[in-house]
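Hello,

Here is the structure I promised to pass on. Please open it and keep it beside you while you read the rest.

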Amino acid sequence: MSHATTSRTAAAGAARPEPGVDRRPLARQRRNRVLLQVACILITLFMAVPIYLIALAAMSSRQSLQKFPLSFIPDNFSTDTMQTFLQSTGILGGLINSVQVGVFTLVLSLLIGIPAGYAVARFAFRGREPYQLFLLFTRALPIVVLSVPLAQLFLQTGLYDSVFAVVLLHTALALPTTILITASVFLGVPRDVEEAARIFGCSPLQAFLKVVLPMAVPGIAAASIFTFVMSWNEVLGASILTLNQRTLPAQVLSSLSESPLAYRFAGGFLLVIPALVFIFFMRRYLTNMWGSTIR
Amino acid sequence: MAAPDAPAAARPHVPPAGPKARAPRRKGNPAALLLIAPSIVFMTLLFGWPMVSGILQAFGGPEGLTTANFTRMVQDPYFWSSVGNTLLLIVVMIPIQFVLALAMALLIRAKPRGASAYFYIWAIPLAVSDLAAGLVWLTVFTDRGYLNSLLASWGLQPVSWLAYDNYPSMFATVLIAEVWRATSLVFVIVVAGLQSIPKDYEEAAGVFGASFWNRLWHVTLPLLRPSLQTALILRTILAFQTFAVALALTGQNFPLVVGETYRWYTGLQDPNVASALALVVMAVSMVTAVGYLKLLRDQTEAAR
Amino acid sequence: MSVTAHHDVSRRALLKGGLTVLAAGPVLAACGVNTSGSGGKGSVSFLSTQFAPVEERQKYEATLKKFAGDISVAYNPVDTGVFNTTLKSQLAAGKVEVGIAGGLHGDLAPFASQLEDLSSLMNDLSSAGYSKDVAELAKLGTDVPRYIPWIQATYVLAINKKALQWLPSGADVNKLTYDQYLAWAKAAKDASGRPVFGLPAGPKGLHHRFYQGFLLPSFTGGQITTFRNQDAVNAWTYMRDLWANTNPASTNYDFMQEPLANGEVLVAWDHVARLINAVKDKPDDWQMVPAPSGPKGRGYLLIVGGMAVPKGSPEKDKAFELIKALSKPEAQIETLKSNSFFPVVKTDIGGDLPGGVALEAKAVKAQQEASDALLALPPVGLGDKDPQVSQLFKNCFQEICLNNSDVKATLDRQGAELAKIMDSLNVPCWAPDPKMSPCKVA
């Protein structure tokens with residue numbers, strides 16, 4: 001084996017190789033890196049192509065979408081449909097309402113959810129499994145059958161047709177995800193570190209805030225992404241709880257299903273963008289602790 | 001100092017003391033109850049009465065409580081095919097999504113060049129609402145859509161992927177669209193969970209000669225169990241709920257149980273049968289969740 | 001250090017945090033931005049199931065602004081499901097915020113007794129000249145008018161002129177019979193290599209109206225009473241043959257304008273408002289004609305939309321004013337030009353219509369004035385059983401055409417269901433069935 005390696009390295013003009021060095025692991029590692037990239041690229045194609053198609057169709061002229069075969073390159077660029085879409089009634093208002101709902105839902109669900117997640121992870125209290133099932137209960141029922149009583153509830157408490165109503169609903173929908181995900185991440189935080197902090201004089205709350213929370217940031221980031229995106233895209237609940245102060249999807253998505261194809265693309269594309277922006281900002285929190293050693 | 005309690009697989013199993021030892025009885029813990037109280041109050045106030053009202057609706061009839069709605073539900077020609085389709089879809093889709101998501105998470109963890117960009121792109125489907133996802137895949141698979149355009153430009157005959165009499169093709173298109181849309185959920189949860197697994201354990205195993213698959217199976221996956229359990233429960237429950245993509249792609253030709261719920265509620269304006277269907281969905285989801293909770297219970301909990 | 005003291009601190013902090021959030025609630029309630037154009041105090045909230053698509057909405061809001069005078073209107077087009085939930089929950093809670101509920105006859109039917117009695121308004125509008133049938137429909141099966149007719153529409157055939165080359169010889173495209181239509185579909189399929197005729201058989205498609213209002217009346221002379229007689233068997237056998245020559249992707253079509261525009265389909269039957277986008281860009285490429293005729297006549301369905309006022313609605317006076325304003329002939333003609341829904345009041349449409357709308361108006365007029373025209377109305381007085389009756393017709397299509405079941409057996413089965421519903425309702429028949437009360441399936 002050393003003959004092949006000797007000749008290779010001699011050709012490269014490197015320093016005298018040590019005899020008997022096995023280069024196979026290096027070759028294997030290089031090959032693995034290449035395979036790794038190939039796998040990543042394949043998956044990326046699968047994930048990205050539909051997004052590319054939405055963007056392409058949203059920025060094509062209406063006529064070009066009626067041809068066959070459809071073109072895969074943007075040779076019919078036109079922002080007409082997007083402009084018309086942006087000018088329809090209530091888009092700006094809906095955008096503002098949706099952002100408010102998203103942010104407040106995020107804050108409220110984290111405030112209520114993180115302590116509960118911590119409790120589920122750290123304390124083996126009686127009723128822990130029933131509690132988890134209770135949370136899932138509400139998520140397991142299709143919300144459509146709750147539409148009329150839910151709307152009635154808000155009508156009678158005077159909260160109907162307000163941003164606050166939608167915030168409350170979305171928080172309730174987000175709590176199961178938030179609590180379960182943060183619980184699973186808190187389980188991964190070693191107890192000893194927390195106990196060490198307490199021994200050194202922190203109160204339980206301080207130990208939590210200063211030690212446990214930073215180590216659970218990826219889970220909290222994941223829960224935040226789910227909450228914001230769920231709230232951003234939620235249509236049915238927002239539609240039945242509001243009349244004149246709607247969120248963007250409630251204002252737009254249900255009418256999109258009857259609109260011509262080009263508008264559906266324009267609408268779908270524009271609605272995706274804010275959620276994409278949010279994930280862009282949150283992604284580094286998701287991977288900030290990768291492969292760290294035991295503290 | 002004792003090893004951290006999270007990676008229980010690494011700690012030697014210590015049988016509980018005593019001849020007839022059972023898991024120690026869990027006691028009510030006031031701190032825990034205080035922490036979970038806000039969530040309980042919140043959910044009860046918001047959903048309490050609507051849930052009761054919704055559940056009663058399933059038994060409602062012109063003269064008080066009745067099971068007639070369930071009879072009507074079962075006799076509807078679309079009911080059994082919707083149940084079959086839903087179960088088939090879930091049984092096939094969930095394992096695929098988990099394997100794919102795990103593979104994606106491990107790929108990212110190996111830090112290839114451009115990992116950050118890859119991670120972002122792989123998480124993008126999360127941002128897409130299921131209505132938009134249905135729309136996109138519809139334009140891919142429809143008769144004059146992108147896939148057939150591609151085939152036509154290669155000189156091949158276009159295929160009617162969404163034809164109502166081609167069940168395997170319909171199933172495949174719904175499967176592909178759903179895998180695209182929902183794998184990111186599992187992916188993100190697994191990535192978050194992998195974050196807190198220190199690499200020391202795997203390195204130690206590697207030093208002792210464990211192969212990649214051994215390390216994966218015996219070290220990483222057990223440490224990942226809480227995240228996998230959470231992801232499994234959430235994904236399955238949400239999988240029972242989604243139908244917008246299937247509706248966009250196949251209309252009434254590939255019925256799903258929640259799609260039927262919507263059809264009974266808005267199309268046929270019969271909230272009672274719709275509630276009956278919703279109860280079926282909820283019951284199956286809960287049974288599955290209980291199953292997951294028991295099967296994947298973290299063994300360390302018993303020893304606390 | 002006392003552990004309980006620390007617990008108190010954390011408890012207190014949590015409590016403070018919780019109270020702040022709760023206090024922020026009412027503040028948040030005032031934070032929302034209005035999304036319905038105008039709105040706020042003193043405006044009329046117009047909830048409607050029509051004109052939801054982006055362009056149609058903009059055009060109708062322009063029409064509203066033009067004719068509403070100084071009444072500010074918040075126009076809210078929504079999905080049928082949301083329409084129902086909103087009205088139902090508001091009526092049940094006794095806190096109605098919707099000023100006018102606008103929808104098709106079938107949308108308003110479930111709410112009949114919960115809508116205001118509009119007799120006084122009808123009297124004020126006596127000069128409008130509503131047809132007798134339409135005025136009767138407006139009662140929704142009760143004794144008094146519950147809605148004021150708003151718009152009307154019907155269904156016609158849209159034909160891409162490319163398809164005319166396969167028309168059977170001797171057939172007049174303006175006066176087709178069903179047999180000629182089938183022969184045409186066959187010829188077109190053979191020549192093109194694939195079926196090019198279409199039908200809106202998707203989940204939200206209106207194909208049930210085809211069976212209810214066109215096919216069955218033309219073959220059997222009735223809709224309900226003749227549901228399972230021999231003529232009906234003939235009708236559905238014909239339908240099965242027609243389906244074999246129709247583009248199977250029709251089970252995914254809700255609106256025919258898209259498939260027509262991109263050439264997937266060359267000839268289609270659909271609602272006038274769901275065909276307009278295909279023809280309006282290049283009206284010269286298209287022709288629109290009345291539906292075919294069968295042994296018993298040329299059956300056609302009239303769809304009426306109305307404006308109703310839910311009981312307990314705020315701003316009732318303003319709502320009445322707005323309804324009157326929208327019933328003026330000018331407003332109705334404007335609606336025709338911008339949204340292709342036809343006027344319900346007696347008025348001369350005039351000749352200066354945009355290309356696509358002119359095509360439709362011609363076809364609609366020809367259909368109504370045909371010598372063998374047979375008017376069919378949508379079900380009257382079925383209340384919330386209306387959608388289930390529609391579903392029975394869709395089931396017939398599914399079983400006979402898609403599943404290839406035996407025609408007679410299917411009709412007997414679905415007919416039994418229909419009979420059960422009709423018997424439980426005890427209402428008189430409506431056109432084209434003969435006058436009979438209560439209406440029964442033979």
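Predicted model: local features only at pLDDT ≥ 70, side-chain atom pairs only at ≥ 80, totals over all residues.

**Chain C against chain A**

Start with the contact between these two chains. Chain C brings 45 residues to it, and chain A brings 47 residues. Together they bury about 4200 Å². Carbon and sulfur atoms give 60% of that area.

Which side chains meet in a salt bridge here? They are Arg62(A) and Glu55(C), at 3.2 Å from N to O.

Now look at the side of chain C that touches chain A. Several elements of chain C each supply at least two residues to it. The helices are α1 (3–29), α2 (54–67), α3 (80–93) and α10 (257–261). The strands are β1 (44–48) and β2 (73–77). The top contributor is α3(C), which gives the most with eight residues. By class, this side of chain C has 17 nonpolar, 18 polar and ten charged residues.

**A buried glutamine in chain B**

Next, find Gln241(B). It sits in helix α10 (residues 225–241) of chain B. Is Gln241(B) buried or exposed? Its relative accessibility is 14%, so it counts as buried, since the cut-off for buried is under 20%. Its contacts reach into two chains.

**Backbone details in chain C**

Two peptide bonds deserve a look. The bond from Ala431(C) to Pro432(C) is cis, with omega near 0°. The bond from Ser437(C) to Pro438(C) is cis, with omega near 0°. Where do the prolines lie? Pro432(C) is in the segment after α16 (407–425) of chain C, and Pro438(C) lies in the segment after α16 as well.

Then check two positive phi values, each in a residue other than glycine. Glu315(C) has phi near 55°. It is in the loop between β8 (298–308) and α12 (316–326). Glu315(C) is partly exposed, because its relative accessible area is 32%. Asn404(C) has phi near 60°. Its place is the loop between α15 (386–402) and α16. With a relative accessible area of 54%, Asn404(C) is exposed, as the cut-off for exposed is over 50%.

Best wishes

Terms used
Residues numbered from 1 in each chain as written. Chains lettered and ligands numbered in written order. Heavy atoms only, no water. Contact = heavy atoms within 4.5 Å. Buried area = accessible area lost by both parts, 1.4 Å probe. Salt bridge = Lys/Arg side-chain N within 4 Å of Asp/Glu carboxyl O. Helix = DSSP H or I, 4+ residues; strand = E, 2+ residues; numbered from the N terminus. Nonpolar A, V, L, I, M, F, W, Y, C, P; charged D, E, K, R; others polar. Buried < 20%, exposed > 50% of the residue type's maximum accessible area, 1.4 Å probe, protein only.
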